[in-house]
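Visitor: I've got the sequence and the model up side by side. Could you walk me through how a few of the labels get assigned?

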Amino acid sequence: MFDHDDSDRQESLDRARLCSSLSKPHILPPEGWDDGEMLPTTFSALPSRGLTNLEGRLLLALFPVGMPFFKLRAAARFKYDPEVDPELLQAFDDRLRIHELMMMARLEKDDYKGGTNARRAGFRSRMRTAISQLLVTGDVLIQITDSYQIRIHRRDNYVVRRDTGGDVMYMITREKVDPAALTEDKLEAAGIVLEEIAGKPVHDRLEDLYTRIQWNPFSKRWVIDQQIRDRTIVTSEEMFTPYFSVPYQLPPTAHYGRGIIEDNLGDVRALNELTERLLDFAAMSSKFMFVTDYSSQVRPQDLALPTGSCIQGRVQSGQVTDVAILRTDKAQDFGVVQNVRAQIASDISKVMMMEAEQLPSYERASRLHVERVAMELEGALGGVYAPIADALQIPLIERLRYQMTRDGSLPDLPDDSVEIEAITGISALSREGDQQRLLQLLQTVAGMGQDMLSRVDRGVLLDVLVRHSGIYEPGLVKSQEQVEQEQQQAQQQQMLGMAAQQAIKSSGAVAEAQAGQEPMNVGR
């Protein structure tokens, strides 16, 4: 199946390799390339710098640092049900907020244990690699392993089949594995005897491992099979797939996406060729060579004499006529080439949102200008947020939540009680949007008078503001039980104080009465 689908997609793969060779050749090397061989050389680094700029911007927009890129919320049928207790909904939202933080902490956890193990790349490092492949080749396959590590499969190491609606029917990956790292059950299923391969070098004992992830429309589950040497070693069914095929732009009825380099392939190719011509012209113009006439008496060694030396040659009207300097006479023609190249470079810079084209020339950019740049990023690449959220972010969180629940890291909740919302684009760059809207609503209510403001539950308001702030510090905000307990203690203290004062007043009155009666007794 892999070989059949691989041959069918060669035209798409060759086009992706062409895009890579004109921007970042290491993203998708030529067919049969080995790590010790040279990669194609580009003459212009502008597309590579533009892609690096886009990678950083998209990484920040899709996976902001220090906060989840998703939101767990109560299902609409619970949230908007008037019969559901609001206090229960608020408590459930607080619980989901804790789940968000636990899931992000598991994704970003560093499993480095020291010793001889190499430190693994983190979540955002892997995602930047995925974004780079997505922009260049238009397609990427991402996997989350059972140890919660992110793996990126290169474009030529997997095949995908989709239906006419764009939904994945199956995916097949191909990778090299060391059989010595397999379990005994897998080795026995593959027919590999560990003692026979133990003495071989690692590069001689590597085997091709094929993994097929296929959607079963009858059981509504993903069936995962693995084969080595045409023998199946693993078969399992999963509710949520650990593999995510993400296209940049998916044409109708296509199996693979198209990247931003392919969208601008004409300009990128023209820029590369024009830069090569300008470099050739600059090299030719930089040459300094003397030319002597065939009948000239000037010898080549005469031209190498020190300054002030006297040599013989043909001279007319004070000008040497039998010696000249080689020069190029196409400067005006190449001025046209340079102008065309500059215009194409400007167009590519605008498409790739490079700061040199977007920021002003003065030292400090105003806050309004920075916001305008963010809006331009949303407008220029906003179309890519939706497919990435649909194909990667939401399925990744569904799989992560399922996997952590399976491993006992998260408490189990009914599937229909939680909805996942991907937070991308400007909303990811500015997560305080909900908080600002809540404060604006509070200001509006306060402007209506104290009677309206008294209808706002301040405890709920504080809890929601803390939840939207992205800060979780246990014990920072007192619970309602703590507040009620402190109020009861304050009331008890107040009552004790009043009782003490009353006792003092009562004892004083008794003392005064006794003092008033003593002289009468003495007189008697």
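Predicted model: local features only at pLDDT ≥ 70, side-chain atom pairs only at ≥ 80, totals over all residues.

Visitor: What makes α6 "mostly covered"?

Guide: It's a head count: eleven of the 15 residues in α6 are buried. To get that label, a residue needs under 20% relative accessible area. F123, for one, has 4% relative accessibility, so it counts as buried.

Visitor: Now the rings. How many aromatic pairs are there?

Guide: The count comes to seven. F2 and Y210 form one of them, with 5.6 Å between centres and 65° between planes.

Visitor: Why is the F2 and Y210 pair called edge-to-face?

Guide: The centres have to lie within 6.5 Å, and the planes must be over 60 degrees apart. At 5.6 Å and 65°, F2 and Y210 are edge-to-face. F2 sits in helix α1 and Y210 in strand β6, so the pair ties together parts 208 residues apart in sequence.

Visitor: Are those two residues buried or partly exposed?

Guide: F2 is at 4% relative accessibility, so it counts as buried. Y210 is at 24%, so it counts as partly exposed.

Visitor: What makes F69 and F123 a stacked pair, then?

Guide: Stacked takes planes under 30 degrees apart. The planes of F69 and F123 are at 10° and the centres 6.0 Å apart, so the pair is stacked. F69 is in the loop between α3 and β1 while F123 is in α6, so this pair links parts 54 residues apart in sequence. F69 has a relative accessible area of 0%, so it's buried. Ring pairs also join F63, F69, F70 and F123 into a cluster.

Visitor: How do you know that D139 has no salt bridge?

Guide: A salt bridge needs the charged atoms within 4 Å. For D139, the nearest side chain of opposite charge is R162, at 4.4 Å.

Visitor: What polar partners does D139 have?

Guide: Its side chain makes a polar contact with the side chain of Y158, at 2.7 Å. The backbone nitrogen of G257 also lies 3.0 Å from a polar atom of the D139 side chain. Leaving out residues up to four places away in sequence, the residues D139 touches include R155, H255 and Y256.

Visitor: One last thing: why is L72 called buried?

Guide: L72, in strand β1, has a relative accessible area of 4%, so it is buried. Its C-alpha is separated by 5.9 Å from that of E419, 347 residues apart along the chain. Beyond four places in sequence, L72 touches L96, H99, E100, M103, V418, E419 and I420.

Notes
Residues numbered from 1 in each chain as written. Heavy atoms only, no water. Helix = DSSP H or I, 4+ residues; strand = E, 2+ residues; numbered from the N terminus. Buried < 20%, exposed > 50% of the residue type's maximum accessible area, 1.4 Å probe, protein only. Lys, Arg positive; Asp, Glu negative; His and termini not counted. Polar contact = N/O pair within 3.5 Å; in protein donor to acceptor, adjacent residues only side chain to side chain. Contact = heavy atoms within 4.5 Å.
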